[in-house]
Amino acid sequence: MDFTSQMLEWYEHNKRDLPWRRIRDPYLIWVSEIILQQTRIDQGLPYYQRFITAFPDIRSLATADEKDIMKIWQGLGYYSRAVNMHKASLIIMNDFNGQFPGSYEAIRGLPGIGDYTAAAIASIAFHLPFPVVDGNVIRFFSRHFGVKEPVNSAKAKQIIREIATGLIDHQHPGSFNQAIMEYGARTCIPGIPMCDSCCFEQSCFAYSHNSVGLLPVKNKKVRQRTRYFNYLVITSDNENAWIMRKRVAQDIWKGLYDFPLIETAKLLSLKSLKATRDWSLIEKMNPGPLIRCSGQFRHILTHQVIVARFFRISVSKVNVVPEGCIQVRDLTKIPVPRLIEKYLQNLV
Ligand code: SF4
């Protein structure tokens, strides 16, 4: 039996255990793929459920307030993906009459939809033969077909995409794609794969060349940059209003809200902070003495480590809101990064 038939046979036997693989609606596939591509299934499924409950179709997503979308997304990371989903839903409403486009090119042209997501939607919802190449497929194929290019390189992705394009079943492209992703996730797993129960043992390059532990090859990790955030947690005297700032620059957490921030080359004491130019942010608000300075918070992102400290200060003129900031009474209503959420949970 050839690779493609074997893959489809495996899928037929196992698909009843994969409920999320039974989704056929392009909107729901889109939501699930965007959410699940950045997190483990058990962590991502509650987000998926909350998202489709709040926004069950394209129209409800397109007409939603961006702040409400970000609130549902809060904690998932990669916030630009939520912003792009909102933009894409507006395009679908305006340019495609509210119907998800049915060609690969049109799907790929929507904001935030790359090769992988476009192929998943096109193959599963519209039966078009475009292969998916996600991390699971890359690992599985690099072992099975002996791809020795570093898997975090564009070249390896290209090689694997060409192999998959040659193998994809044109009658059942969606089943084939779901099969190769699931096989990588369940059998040809990271670390020590389950070769003893693998139905491709006979044809697998890595297994027959005794190189299962050597593939996939990876380039060295990109070094993480450390950043130092001195947050000014400004509240009114009676602490029923907080000053928050929407992050709008091309930086982490775009679209979420955090506190006024002074970023420095290292963490500063309050005395040194007062000597910075940015301190003028709160001078007009007539700040009182420091209420509390937090300990250090260390927050790790893919390419950055954020070391943060929070200075809690009350002001008597909370109506004088600094530029780019808003006054918030209920902090639970606005979307914040996980770091801010952790700080607020520790607040006494
Ligand atoms: S034999 Fe092992 S390494 Fe090869 S495809 Fe199967 S699980 Fe992966």
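Modeller: Strands here are DSSP runs of E with at least two residues, helices are runs of H or I with at least four, and both are numbered from the N terminus. The model is a predicted one, where local features need pLDDT of at least 70, side-chain atom pairs count only at pLDDT 80 or more, and totals for chains, interfaces and linings use all residues. Residue numbers start from 1 along each chain as its sequence is written.

Biologist: Good to know! How many helices and strands are there in the chain?

Modeller: The C-alpha atoms fill a box of roughly 75 × 50 × 30 Å along the principal axes. Counted within the chain are 15 helices and eight strands.

Biologist: What percentage of the 348 residues count as buried?

Modeller: A residue is buried if 20 or more other C-beta atoms, placed from the backbone, lie within 10 Å of its own; 12 or fewer make it exposed, and anything in between partly exposed. By that count, the buried share of the 348 residues is 32%.

Biologist: Into which domains is the chain divided, and how far apart do their C-alpha centres lie?

Modeller: The bounds come from an automatic or database domain assignment. Domain 1 covers 3–131 + 168–186, and domain 2 covers 225–346. The distance between the C-alpha centres of domain 1 and domain 2 is 35 Å.

Biologist: Which element gives the largest share of the side of domain 1 that touches domain 2?

Modeller: Two residues are in contact if their C-beta atoms, placed from the backbone, lie within 7 Å, and in this sense ten residues of domain 1 meet eight of domain 2. On the domain 1 side, α5 (66–73) and α6 (79–95) are the elements that give two or more residues. The largest share, five residues, comes from α5.

Biologist: Let's turn to the strands. Do β1 and β7 run parallel or antiparallel?

Modeller: Two strands pair if DSSP finds at least two bridges between them. Strand β1 (residues 225–236) is joined to β7 (residues 304–315) by twelve bridges. Threonine 226 has valine 305 as its bridge partner in β7, and threonine 235 has serine 314. The two strands run parallel.

Biologist: Which residue in strand β4 is the bridge partner of tyrosine 231?

Modeller: Strand β4 (residues 261–264) pairs with β1 in the antiparallel sense, over four bridges. The partner of tyrosine 231 in β4 is leucine 261.

Biologist: And how many residues does the hairpin from β6 to β7 pass through?

Modeller: β6 (residues 297–300) is joined to β7 by four bridges, the two running antiparallel, and histidine 299 stands opposite isoleucine 306. Strand β5 (residues 287–293) also runs antiparallel to β7 with four bridges, with leucine 290 opposite isoleucine 313. The hairpin between β6 and β7 passes through three residues.

Biologist: Last stop, the ligand. Which residues around the ligand come nearest?

Modeller: A residue is near a molecule if its C-beta atom, placed from the backbone, lies within 6 Å of it. Of the 15 residues around the ligand, those that come nearest are Cys188, Pro193, Cys195, Cys198 and Cys204.

Biologist: How many residues of that shell are nonpolar?

Modeller: Ala, Val, Leu, Ile, Met, Phe, Trp, Tyr, Cys and Pro count as nonpolar, Asp, Glu, Lys and Arg as charged, and the others, Gly among them, as polar. α9 gives the largest share of the shell, three residues. Two residues of the shell are polar and two charged, while the nonpolar ones number eleven.
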